[in-house]
Amino acid sequence: MRLGLGGKAVLVTGGSGLLGSAIVRRLAAEGAVPIIHYRSGATAAHGLADDTGGIPLRANLLEESEVDALIERAVERAGPLAGVVANAGGWPGPPVPTRDMTLERWRRTLDQNLTTAFLTSRAYLKHVHEVGHGSLVFVGSAAARFGEDGFADYAAAKSAVTYGLVQTLAREIVASAPRGRVNAVSPTWIPPSAQAEAAAEQRLKRALATVPLGRAASAGDVASVVAWLLSDDASGYVTGEVIQVSGGMSGRLLPPPSAEQ
Ligand SMILES: NC(=O)c1ccc[n+]([C@@H]2O[C@H](COP(=O)([O-])OP(=O)(O)OC[C@H]3O[C@@H](n4cnc5c(N)ncnc54)[C@H](OP(=O)(O)O)[C@@H]3O)[C@@H](O)[C@H]2O)c1
């Protein structure tokens, strides 16, 4: 299927990271012009730009002025943004039961995953209001739907993004852009490499116990769904949706009983 993204400028936040770089490569393969946002990954972002013809731009997504300036600079360099992928975020690790979780960690995780998504979408929606069109895709997590032991902060932040923001912004965007759309993908764990996969074999077994497709997600699995969601030709009547890219995951195993109990 042709996605019709040729020549279209799309900003990917966290574009130099594991999943972001796969999304950037996928968009470039479709002929889009990827704007590769990064914060600390300058070398990776510039290398990816050389490979893909993309445009690397730096911003701390927790600074309001930097996020607004990111959208402005992207438009200056590439023209109207057909889409934004709000991918920046991350796992707080290590696991901490909620009874022991500090307020500092809770706030840090919500900032990294929810506040960055809010500020990115706010800045983009101002641009959509000016140009009258746009498509926004958030990157959530299976944790939003099934929870994750030791990661109440992350699960709560991703739920707020994929259910609270997606549903609300899908309604708000059409006041500015009649065909504007807002969606999300919710991936399961993406092991970074075969080596890391082997090291985390036990975790992988538990993670795959309720996954009919029987393997972990790859970054490419997620990137192709993001590209599909960005495409008006392919998914122009899909909005307010959360696409689970999870191999059919139907839940999680209960944690083993603690020795303390
Ligand atoms: N990997 C998985 O298993 C998995 C599974 C489900 C969902 N996800 C989600 O997928 C997204 C990408 O994750 P990933 O695995 O690709 O992680 P990653 O490689 O660590 O990339 C995350 C990116 O987010 C950026 N970022 C984080 N906080 C930022 C801030 N305040 N300002 C600017 N940039 C910020 C980082 O920028 P710099 O490094 O440049 O500082 C980094 O490029 C995240 O939202 C994550 O929650 C990942």
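Begin with strand β6, residues 181–187, which is joined to β7 by 4 bridges, the two strands running parallel. Within this pairing, pick Val185: its bridge partner in β7 is Ile243. Bear in mind that the model is predicted.

**The whole sheet.** Now widen the selection to every strand of the sheet. There are 7 of them, in an open sheet with parallel pairing, and the order to follow across it is β3-β2-β1-β4-β5-β6-β7. At the two edges are β3 (55–58) and β7 (242–245), each of which pairs on one side only.

Select α4 next, together with β4 (81–86) and β5 (135–139). The helix α4 packs on the sheet and touches both of these strands, and its direction makes about 170° with that of β4.

**Leu114.** Stay with helix α4 and select Leu114, which is placed in that helix. Which residues is Leu114 in contact with, leaving aside its neighbours within four places in sequence? They are Thr109, Ala157, Ala160, Val161 and Leu165. Take Val161 from this list and draw a C-alpha to C-alpha distance to Leu114: the two are 6.2 Å apart in space but 47 residues apart in sequence.

Go to Pro94, which is in the loop between β4 and α4. The peptide bond from Gly93 to Pro94 is cis, with omega near -5°. In general, most peptide bonds are trans.

**The ligand.** Select the ligand and the 29 residues around it; Leu19, Ser40, Asn87, Tyr154 and Ile190 come nearest. By class, this shell has 12 nonpolar, 15 polar and 2 charged residues. Colour the shell by element: α1 (18–29), β2 (33–38), α4 (103–131) and α6 (152–172) each supply at least two of its residues. Which of the elements gives the most to the shell? The answer is α4, with 3 residues.

- Gly41: a backbone N or O atom lies 2.9 Å from an oxygen atom of the ligand.
- Gly89: here too a backbone N or O atom is involved, at 3.3 Å from an oxygen atom of the ligand.
- Lys158: a polar side-chain atom lies 2.8 Å from an oxygen atom of the ligand.

Last, show the surface of the ligand. Taken alone, the ligand exposes 890 Å², and the protein buries 85% of that.

How values were computed. Residues are numbered from 1 along each chain as its sequence is written. This is a predicted model: local features need pLDDT of at least 70, side-chain atom pairs count only at pLDDT 80 or more; totals for chains, interfaces and linings use all residues. Side-chain values use heavy atoms; hydrogens and water are left out. A residue is near a molecule or strand if one of its heavy atoms lies within 4 Å of it. A polar contact is a pair of N or O atoms within 3.5 Å; within protein, one must be able to donate a hydrogen and the other to accept it, and residues adjacent in sequence count only if both atoms are side-chain atoms. Accessible areas come from the Shrake-Rupley method with a 1.4 Å probe; for residues, only the protein chains shown count as cover. Ala, Val, Leu, Ile, Met, Phe, Trp, Tyr, Cys and Pro count as nonpolar, Asp, Glu, Lys and Arg as charged, and the others, Gly among them, as polar. Two strands pair if DSSP finds at least two bridges between them. Contact means heavy atoms within 4.5 Å. Axes are lines fitted to C-alpha atoms, for helices over the stretch in contact, and angles run from 0 to 180 degrees between N-to-C directions.
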